[in-house]
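Hi everyone, thanks for coming. Please have a look at it first.

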Amino acid sequence: MFADRQPLSSRALRRLILEESHRAHVGHIGSALSVVDLLAALYGGAIRSKSPDDPDRDRFVMSKGHAALALYAALFLRGWMSRGELATYCGDDSSLGVHPTHHLPGIDFSTGSLGLGLSIGAGSALAARLLGKDRRTYVLLSDAECNEGATWEAAMFAGHHRLANLIAIVDVNGQQALGPTAEILNQGRMAERWASCGWTVREVDGHVPTAVREALTPSLHEPLAVLARTVSGRGVSFMERQVNWHYLPMSDEQYAIALAESEALA
Amino acid sequence: MRREFIATLCELAASDRRIMLLTADLGFSVVEPFAQAYPDRFVNVGVAEQNMIGVATGLAEAGFLPFCYSIATFATLRPYEFIRNGPVAHELPVRIVGVGGGFDYGTGGPTHHSLEDIAVMRALPGMMVVAPIDGPQTAAALECLWSAPSPIYFRLGKDSPRVAISGDHFEVARAQTLRQGTDALLISTGAMVAETIRAAEILADAGTQAMVLSVPCLAPAPLADLRAALADARAVLTVEAHQQAGGLGSLVAEVLAEARLARPFRRLAASQLGLGRGGSAAWLLEQNGLTADAIAAAAQTLLS
């Protein structure tokens with residue numbers, strides 16, 4: 001669709017994230033880098049979609065909306081957005097804000113307020129079942145989002161109704177806005193919690209796209225939770241596991257280092 | 001109202017397979033006819049109002065018309081942000097059906113009194129806010145609106161009696177004159193209209209002829225009808241089972257101010273949340289100055 005796009009790879013996603021966050025001088029870089037390999041797996045084949053407006057396409061809910069830049073980059077590499085539009089990120093009169101809006105082709109649901117996405121995904125999955133469609137709904141959550149009670153309302157609902165066409169991916173990077181999740185609201189025994197709600201649970205290294213892709217194979221009779229162990233700020237040494245990179249924009253010097261480190265990584 | 005609502009929904013669902021009924025585990029002896037007739041399209045989500053709205057958003061995006069049922073305060077206030085970021089932001093036809101607007105759940109206490117719902121729901125752009133006066137108008141409103149593209153909030157009375165002169169009629173953004181009179185204008189909404197009509201009858205016995213205007217559609221507001229009635233009014237009294245801020249009285253005040261109409265004006269409404277003592281809906285209305293006698297007395301004071 002757009003001639004200037006490159007193959008969808010983790011490296012290409014990281015480069016776009018760094019380029020655009022540097023150009024726009026905005027933060028949330030650590031969160032975006034955390035989900036790069038997850039999006040590479042999702043948009044590199046897991047999500048089946050002929051076009052952004054195909055009613056039978058798989059749905060995707062970016063419930064951790066603050067990593068939207070990674071999603072915009074994936075939409076560009078998928079061919080659903082021009083490089084020029086991607087370059088409007090965080091500009092005035094742009095549809096590409098820090099959090100995604102459904103007005104943009106390829107964004108199925110607007111998100112940004114944590115805790116809403118899984119329930120929308122559950123409704124979307126229930127709708128597909130009622131309509132006899134074989135489409136699936138993928139929801140990408142943050143581990144901090146599991147602080148939200150509504151996430152568990154939706155988890156219980158999906159488990160009870162055995163929504164096997166619903167796949168949740170939890171970006172378990174152990175970081176949240178003000179520090180490590182272990183110190184703020186412990187997310188231990190995450191696998192047991194999802195399993196107790198009636199989900200099939202798979203734990204995976206969230207930075208190995210092929211492994212993530214394999215883990216995303218739906219369960220036959222239950223919703224599937226893929227707990228992806230990730231590192232916030234993945235690929236940039238001074239950003240990894242650093243809470244301040246939830247917020248900070250990069251200086252020119254930091255940008256040069258980040259780009260070089262990111263390119264050296266697979 | 002709630003039984004007429006479900007009966008009408010059952011009729012509509014027979015010819016429209018998009019209609020679904022979701023409940024957050026409420027509606028004993030009310031929702032069963034739908035659940036029995038359409039088991040595939042009835043979902044009790046459990047006591048989880050936020051999830052109910054999120055699920056409805058996902059269903060509506062796929063083309064369904066989900067009706068989300070609960071007690072009015074639980075249906076609106078608990079999942080308010082989900083309503084805003086779900087059906088409102090996505091402009092999807094989710095219907096929120098709140099039962100027991102005002103003090104209808106009397107002895108249930110303040111947690112069950114829905115006194116802020118009109119204010120918060122009419123603040124949402126594109127949200128239709130509907131408060132029928134009785135069962136027949138509930139059915140008429142649902143028959144008028146069931147397939148509308150916008151999200152809708154239905155504020156229903158629990159067991160509100162039939163208002164003989166309702167006319168079983170509903171139109172979007174229209175008010176209804178239920179009684180003529182030139183001495184004062186009484187404006188009310190929902191089940192409080194019945195009490196307001198009784199107040200007008202008390203006033204008539206004392207020689208004061210009050211016009212009664214019913215506002216069953218609060219958003220989009222019946223601006224033209226309100227302006228016309230207000231322009232002719234000598235004094236204006238609004239009556240609602242709702243907090244004073246943001247409800248019908250606020251709406252009328254906005255219209256008065258924007259139309260530069262200076263009129264003697266008073267808003268009768270709930271004045272607090274819980275009194276430390278509870279009682280029946282009738283007792284609570286009395287405590288809040290919302291009985292026919294109190295309305296009539298307030299109108300007389302305004303005119304004197």
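Let's start with strand 4 of chain B, residues 95-99, where five of the five residues are buried, so the strand is largely enclosed by the rest of the structure. By buried I mean under 20% relative accessible area, with exposed being over 50% and partly exposed in between, using a 1.4 Å probe and protein chains only. Strands here are DSSP runs of E with at least two residues, helices are runs of H or I with at least four, and both are numbered from the N terminus.

Before I go on, some housekeeping: this is a predicted model, so local features need pLDDT of at least 70 and side-chain atom pairs count only at pLDDT 80 or more, while totals for chains, interfaces and linings use all residues. Residues are numbered from 1 along each chain as its sequence is written, chains are lettered from A and ligands numbered from 1 in the order in which they are written, and side-chain values use heavy atoms, leaving out hydrogens and water.

Back to the strand. In a regular strand the side chains alternate between the two faces of the sheet. In strand 4 of chain B, Arg95(B), Val97(B) and Val99(B) point one way, Ile96(B) and Gly98(B) point the other way, and all are buried.

Which strands does strand 4 of chain B pair with? Pairing, for us, takes at least two bridges found by DSSP between two strands. Strand 3 of chain B, residues 65-71, pairs with strand 4 of chain B in the parallel sense over five bridges. Strand 6 of chain B, residues 152-156, also runs parallel to strand 4 of chain B and is joined to it by five bridges. You can follow this through Val97(B): Tyr69(B) stands opposite it, and so does Phe154(B) in strand 6 of chain B. Phe67(B), meanwhile, stands opposite Arg95(B).

Zooming out, we have an open sheet of seven strands with mixed pairing, in the order 2-1-3-4-6-5-10 in chain B. Its edge strands are strand 2 and strand 10 (217-219) of chain B, each pairing on one side only. From one strand to the next, the twist averages 20°. Helix 1 of chain B, residues 2-15, lies across strands 1 (19-23), 3, 4 and 6 of chain B, at about 145° to strand 1 of chain B. For such angles, axes are lines fitted to C-alpha atoms, for helices over the stretch in contact, and the values run from 0 to 180 degrees between N-to-C directions.

Setting aside residues up to four places away in sequence, Phe42(B) touches Leu21(B), Thr23(B), Val31(B), Phe34(B) and Ala35(B), where contact means heavy atoms within 4.5 Å.

Chain B has another open sheet, this one of five strands in the order 7-9-8-11-12, again with mixed pairing. Strand 7 (176-179) and strand 12 (265-270) of chain B are its edges, each pairing on one side only. Here the twist averages 25° from one strand to the next. Strand 7 of chain B runs antiparallel to strand 9 of chain B, residues 210-214, and three bridges join them. Within that pair, Thr177(B) has Leu213(B) as its bridge partner. Helix 8 of chain B, residues 192-205, packs on this sheet, touching strands 7, 8 (184-188), 9 and 11 (236-243) of chain B.

Now for the cores. The largest nonpolar core has 77 residues, and among the members touching the most others are Leu118(A), Trp194(A) and Leu22(B). Such a core is a set of buried Ala, Val, Leu, Ile, Met, Phe, Trp, Tyr and Cys residues joined through side-chain atoms within 4.5 Å. Domain 1 (2-156) and domain 2 (176-303) of chain B both give residues to this core, so it lies between them; those bounds come from an automatic or database domain assignment.

Last, the cysteines: how many disulfides are there over all chains? Zero, taking a disulfide as a pair of cysteine sulfur atoms within 2.5 Å. Cys146(A) is buried, at a relative accessible area of 3%. Cys68(B) is in no disulfide either, with the nearest cysteine sulfur, that of Cys10(B), 16 Å away. Cys68(B) also counts as buried, at 1% relative accessibility.

That's my tour, and I'm happy to take questions!
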